[in-house]
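Visitor: I have a chain open in my viewer and would like to learn how to read it. Could you walk me through it?

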Amino acid sequence: MAHDLKLYHAYTACSRVTLTALEQVGVPYADHLVDFRVGEHKQPAYLAINRQGKVPCLLVDGAAMTENVAILRWLHATYPDAGLFPPAASAWDDARQLAALVWISASWHPTVRAVKAPFMWTTGDVAPVKEKGEQLFRPLLDQLDAELAQRRWWFGEQWSIVDAYFWWAYVNSEFGGFDLGGWSNIARHRADNEAHPALQRALAREAAAVAALKEAK
Ligand SMILES: N[C@@H](CCC(=O)N[C@@H](CS)C(=O)NCC(=O)O)C(=O)O
């Protein structure tokens, strides 16, 4: 059954991962760039769509699905041949895929926020929040860099949407001024991701939405 899909996303936000997943799936979808700069995500019109006031939000036949993890698993269940995840031979493999997503979403994303947008974690001085975020970040990158010395992608030889999620996390830390220079396997993983067609199409789609928004203003 074909679904009517519309993604609400924002510039550089974690909705890039969902955008990449939709591009990998390859079905038609509409999109709306939520303008964070003017606080559109906290205005009544958007809150009526997603009361959490966050992106991503995917409308599926008019019903809203939020949370990257849920959206990505729904897309995978609905389009199993799209290659969003490697085939899971057992319930164990399936749970491991979920664990990777949940770890990035629940554990790593808040750390990215401390590095990139520390003002969201404090009403006071942002410097200690950023410093703590960077302290938490370094050992994570050490560990992931060592793992990427053993395998090309998160799950082995096959790209998955977890790689795009992981890419989003470290690239966003760089937007926050974090220097990614010391991790050569992460640099290689980054270059491989940035050459991946679905990620390239997602970034082009996001850039087109940004250009259209500027044009409209
Ligand atoms: N756990 C959520 C996190 C969503 C989230 O925090 N999105 C950010 C952009 S990366 C957002 O909308 N921030 C706006 C805000 O929190 O006000 C998910 O993975 O979908």
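Visitor: What share of the contacts in the chain with a separation of 6 or more comes from residues 24 or more positions apart?

Guide: In this predicted model, residues 24 or more positions apart account for 64% of those contacts.

Visitor: How does the radius of gyration fit that of a compact globule?

Guide: A compact globule of 217 residues would have a radius of gyration near 17 Å, and the chain agrees, because its own value is 17 Å. Along the principal axes, the C-alpha atoms fill a box of roughly 50 × 45 × 30 Å. Buried residues make up 31% of the 217.

Visitor: Let's take the strands. In what order do they lie in the sheet?

Guide: The general idea comes first: strands of a sheet pair through backbone hydrogen bonds, either parallel or antiparallel. Here the four strands form an open sheet in the order S2-S1-S3-S4, with mixed pairing. Strand S2 (30–33) and strand S4 (63–66) stand at the edges with a single partner strand each, so one side of each has no neighbour in the sheet. From one strand to the next, the twist averages 20 degrees.

Visitor: Which residues can I use to check the pairing of S3?

Guide: S1 and S3 pair in the antiparallel sense over four bridges, and leucine 5 has valine 60 in S3 as its bridge partner. Strand S3 (residues 57–60) is also joined to S4 by four bridges, again antiparallel, with cysteine 57 opposite threonine 66 in S4. The hairpin of S3 and S4 has two residues between the strands, and aspartate 61 there takes a positive phi near 50 degrees.

Visitor: Which helices lie on this sheet?

Guide: Helix H1 (residues 15–25) lies across S1 (5–9) and S3, at about 155 degrees to S1. Helix H8 (residues 197–216) packs on the sheet too, touching S1 and S2, and its direction makes about 55 degrees with that of S2.

Visitor: Now a helix by itself. How far does H5 reach from its first C-alpha to its last?

Guide: Helix H5 (residues 127–148) has 22 residues and reaches 31 Å, close to the 32 Å expected at 1.5 Å a residue.

Visitor: Which residues of H5 are buried, and which are exposed?

Guide: Lys130, Gly133, Phe137 and Leu148 are buried. These four cover an arc of only 55 degrees around the axis, which means they sit on the same side of H5. On the other side, Gln135, Arg138, Pro139, Gln143 and Ala146 are exposed.

Visitor: What do the buried residues of H5 pack against?

Guide: They pack against helix H4 (91–116), helix H6 (161–175) and helix H7 (184–194). For a view from H4, select threonine 111, which is found in that helix. Leaving aside residues up to four places away in sequence, threonine 111 touches Gly133, Leu136 and Phe137.

Notes. Residues numbered from 1 in each chain as written. Predicted model: local features only at pLDDT ≥ 70, side-chain atom pairs only at ≥ 80, totals over all residues. Expected span 1.5 Å × (residues − 1). Buried ≥ 20, exposed ≤ 12 C-beta atoms within 10 Å, placed from the backbone. Arc of directions from axis to C-beta. Contact = placed C-beta atoms within 7 Å. Pairing = 2+ DSSP bridges. Axes fitted to C-alpha atoms, helices over the stretch in contact; angles between N-to-C directions. Rg over C-alpha atoms; globule rule 2.2 N^0.38 Å.
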